[in-house]
Protein chains: 2
Amino acid sequence: MKKPLILVTNDDGINAPGIRTLIDIVKELGEIVVVAPDSPQSAMGHAITVNDTLQIHKIESDNTQITEYMCSGTPADCVKIAKNEILKVKPDLCVSGINHGANSSINILYSGTMSAAIEAGIEGIPSIGFSLADFSWKADFEQIRPFVKKIIEEVLSNNLPDGVILNVNFPKLKREEIKGIKICRQARAKYQEKFDKRVSPFGKEYYWLSGEFVNEDKGEDTDEWALKNGYISIVPVQFDLTAHHAIQQLNTWNL
Amino acid sequence: MKKPLILVTNDDGINAPGIRTLIDIVKELGEIVVVAPDSPQSAMGHAITVNDTLQIHKIESDNTQITEYMCSGTPADCVKIAKNEILKVKPDLCVSGINHGANSSINILYSGTMSAAIEAGIEGIPSIGFSLADFSWKADFEQIRPFVKKIIEEVLSNNLPDGVILNVNFPKLKREEIKGIKICRQARAKYQEKFDKRVSPFGKEYYWLSGEFVNEDKGEDTDEWALKNGYISIVPVQFDLTAHHAIQQLNTWNL
């Protein structure tokens, strides 16, 4: 059987420990092409580069099993240019991450990791975003290796439903403390923002966005609940944002 | 009755003709606060500024009915800083646009206009994004004025369902040619990308993203169908990306 062609990307940049671990996990599973941002792209959402140029740079390596490119663009750009200019064919799978920091709940909207995975999903490529609930550059990805491999193998053998992308988040726990995997819905949570107001050396006011994540969703079927209770969360995600349930109500309006 | 407090934003920047028209339409409907990017932010998706500072600058004006600020950040940043630092209270409505160019179908994912509207929706603010299917800076917004006003008035009097944001797109037509308003679902369309490869004066290759929008969705209940057939499209949008229909299937996997 032909080995699957696997595209690997992320948003923390090509040198992040998270993507290096992911590459190391998938290298046994197929032919690997890495196309990742040349610099960190956290919180880029689904931004794409339309008013500027893109550059890609092939990284020379002795490993003939893995081809790596770094790209000047956003995570979504990486997937677009990988498919169209580098691979020229549709890969069999796209994996994004492993992100340094969780992308559960509403974080999916801001996430560059998930925007890359969703971009691949739009292109009809089976796709998974992986994130570990640990922002540290020194996050311990070793703990979650067997789970990442298992989930990828299941996707390769089961196929994903049409138009569905997986958002996988790992709790920051030791391997033996992880209780298992739960299929979840996205928790309805949000940020209680605080803006830290400061004054520049030149007397101008400026702000830093900060804030606290607040989960008001009491459901036990959410990704937040799973992570908090020692489980790996998998949320199946779609790019049809239509609130289908609201169509009927809006049709009663006097428009 | 107290006039509603209306936040106006966009992604084309505070000086774009589209937002100037929108301000002019809403100024009769409530107390208006404008917080918009100081430069164009098209295709920024739901990016937020986490690794840099934000600046806001109040624009002096003789019009005491309208307060305007320009912000150095993304559209989503504008909504966050407006609510938390400028208004200090939740506005009664957020309107974003009028975008120069359609944000129908999959464009919603890349859209700064809609990311601002969705950000407001996450905060529990009734919210509408408006876009005209004309990329030109000289797009004729006069044609759609009464429709914009009507939609805003309906939202103010009916209230939107919880967690629902409206994505409103206008065809590029004369007022009398517009056939009406349709409540739609998001068409399943995508871009067939092409990358235009060029060489810099210094001999380095670079790319421009371009491509063609391809609608493979034959449904007559989509935003693309409505726009193509002379209707204004309204898609109710949600920020819960869970593919609820896929949960059951994933639960049969051997995870």
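**Close-up views of chain A in a predicted model**

**View 1. Helix 1 and helix 5 of chain A, whose axes come within 10 Å and cross at roughly 55°.** Helix 5 comprises residues 145-158; helices (H or I, at least four residues) and strands (E, at least two) are DSSP runs, numbered from the N terminus, and axes are lines fitted to C-alpha atoms, for helices over the stretch in contact, with angles running from 0 to 180 degrees between N-to-C directions. The two helices are therefore oblique to each other, given that angles under 35 degrees count as roughly parallel, over 145 as roughly antiparallel, 65 to 115 as roughly perpendicular and the rest as oblique. Their crossing is right-handed, that is, the near helix is turned clockwise from the far one by less than a right angle. Thr21(A), Leu22(A), Asp24(A), Ile25(A) and Val26(A) of helix 1 meet Arg145(A), Val148(A), Lys149(A) and Ile152(A) of helix 5, contact meaning heavy atoms within 4.5 Å.

This is a predicted model, in which local features need pLDDT of at least 70 and side-chain atom pairs count only at pLDDT 80 or more, whereas totals for chains, interfaces and linings use all residues. Residues are numbered from 1 along each chain as its sequence is written, chains are lettered from A and ligands numbered from 1 in the order in which they are written, and side-chain values use heavy atoms, with hydrogens and water left out.

**View 2. The residues listed by UniProt, in an unreviewed entry, under "binding site": Asp11(A), Asp12(A), Ser42(A) and Asn99(A).** They span 89 residues in sequence, yet no two of their C-alpha atoms are more than 9.1 Å apart, so they gather at one spot. UniProt annotations may be inferred rather than shown by experiment.

**View 3. Asp12(A), in the loop between strand 1 (5-9) and helix 1 (17-26) of chain A.** Asp12(A) is buried, with a relative accessible area of 8%, where buried means under 20%, exposed over 50% and partly exposed in between (1.4 Å probe, protein chains only). Beyond its neighbours within four places in sequence, Asp12(A) is in contact with residues including Pro40(A), Ile98(A), His100(A) and Trp137(A).

**View 4. Asn99(A), in strand 5 (residues 93-100) of chain A.** Asn99(A) counts as buried at 6% relative accessibility. Leaving aside neighbours within four places in sequence, its contacts include Asp11(A), Asp12(A), Thr113(A) and Phe141(A). A polar atom of the Asn99(A) side chain lies 2.8 Å from the backbone oxygen of Gly101(A).

Notes: Polar contact = N/O pair within 3.5 Å; in protein donor to acceptor, adjacent residues only side chain to side chain.
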